[in-house]
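Please look through the following model with attention to its strands, rings and open space. The questions below take these topics in turn.

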Amino acid sequence: MDKQIVIGKIVAPHGVRGDIRILPQTDKPEQFLSLEYLLLPNGKKLTVKNARFHKGMVLVTTKEITSMNEAELLRDKEVSVNFEDLPELDEGEYYVADLIGFEVIDLEGKKVGTFKDAQTTGVNDYYIVSVPGQKDILIPALKRYVKEINLQEKRIVVEMPEWVEEE
């Protein structure tokens with residue numbers, strides 16, 4: 001099975017013809033405008049006929065959903081696409097799914113932990129680093145702290161924020 005990436009969440013129906021209102025959960029919400037399909041958690045594929053932006057949401061018309069009642073059944077469901085269908089990223093941009101499991105080391109080469117996930121707070125993103133036997137560490141996803149991401153060596157080099165306690 002292909003690797004799937006969540007790109008949004010259905011928040012409500014829109015209108016009576018089965019359009020769905022989606023909250024984008026991606027740094028590139030414009031990708032919705034060129035999507036050919038969306039995948040539901042149960043594996044069902046929805047064929048996208050039209051997509052447009054409206055008040056911070058994406059309104060999507062699909063071939064399969066034709067009534068408000070059908071759209072209502074999809075409320076709170078996440079929508080995904082296959083990883084290979086995601087848009088190409090600019091230099092220095094990465095998909096979180098590509099980084100999960102990477103070793104995180106500090107500037108001296110000491111292992112800090114393992115990249116677990118990223119979290120968006122509105123101001124800036126944070127990398128969540130799993131540390132065995134300890135609480136997860138949050139590192140701002142800023143160039144000041146993230147010095148290098150090496151895809152070949154599956155390694156992230158960070159300068160530890162001053163608020164993270166040293167052992």
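**Charges, strands and rings**

Q: Over the face of which residue does lysine 45 lie, and at what distance from the ring centre?
A: A charge is taken to sit over a ring if NZ of Lys or CZ of Arg is within 6 Å of the ring centre and within 35 degrees of the ring normal. By that criterion lysine 45 lies over the face of tyrosine 37, with a distance from the ring centre of 4.6 Å.

Q: What kind of model is this, and which pLDDT do side-chain atom pairs need?
A: Residues are numbered from 1 along each chain as its sequence is written, and side-chain values use heavy atoms, with hydrogens and water left out. This is a predicted model in which totals for chains, interfaces and linings use all residues, whereas local features need pLDDT of at least 70 and side-chain atom pairs count only at pLDDT 80 or more.

Q: Which residue in S4 is the bridge partner of leucine 39?
A: Strands (E, at least two residues) and helices (H or I, at least four) are DSSP runs numbered from the N terminus, and two strands pair if DSSP finds at least two bridges between them. Strand S3 (residues 37-39) and strand S4 (residues 45-54) pair in the antiparallel sense over three bridges, and they form a hairpin with five residues between them, where glycine 43 in the turn has a positive phi of about 95°. In S4, the partner of leucine 39 is lysine 45.

Q: Which residue in the turn between S4 and S5 has a positive phi?
A: S4 is joined to strand S5 (residues 57-62) by six bridges, and the two run antiparallel; valine 48 has threonine 62 in S5 as its bridge partner. S4 and S5 form a hairpin with two residues between them, and the turn residue with a positive phi, of about 50°, is lysine 55.

Q: Which residue in S2 is the bridge partner of glycine 8?
A: S1 pairs in the antiparallel sense with strand S6 (residues 78-82) over five bridges, and glycine 8 has valine 79 as its bridge partner in S6. Six bridges also join S1 to strand S2 (residues 19-24), again antiparallel. In S2, the bridge partner of glycine 8 is proline 24.

Q: What is the order of the strands in the open sheet of six strands, and which strands stand at the edges?
A: The open sheet has mixed pairing and the order S10-S9-S8-S7-S12-S11. One side of each edge strand is left without a neighbour in the sheet because each has a single partner strand, and these edge strands are S10 (137-140) and S11 (146-150).

Q: Which residue in S10 is the bridge partner of tyrosine 126?
A: Strand S9 (residues 125-130) and S10 pair in the antiparallel sense over four bridges. In S10, tyrosine 126 has as its bridge partner proline 140.

Q: Is the pair of phenylalanine 115 and tyrosine 127 stacked or edge-to-face?
A: Rings of Phe, Tyr and Trp (its six-membered ring) pair if their centres lie within 6.5 Å, with planes under 30 degrees apart counted as stacked, over 60 as edge-to-face and the rest as tilted. A search of the whole structure finds one aromatic pair. The ring centres of phenylalanine 115 and tyrosine 127 are 5.0 Å apart and their planes stand at 85°, so the pair is edge-to-face.

Q: Which residues lie nearest the centre of the largest pocket?
A: On a 1 Å grid over the protein atoms alone, a pocket is an open set of points where a 1.4 Å probe fits, with protein on both sides within 12 Å along at least five of seven lines, and lining residues have an atom within 4 Å of a point. Strand S1 (4-14), helix H2 (96-99), S8, S9 and S11 each supply at least two residues of the lining of the largest pocket. Of its 31 lining residues, those nearest the centre are Asp27, Tyr94, Val96, Asp125 and Tyr127.
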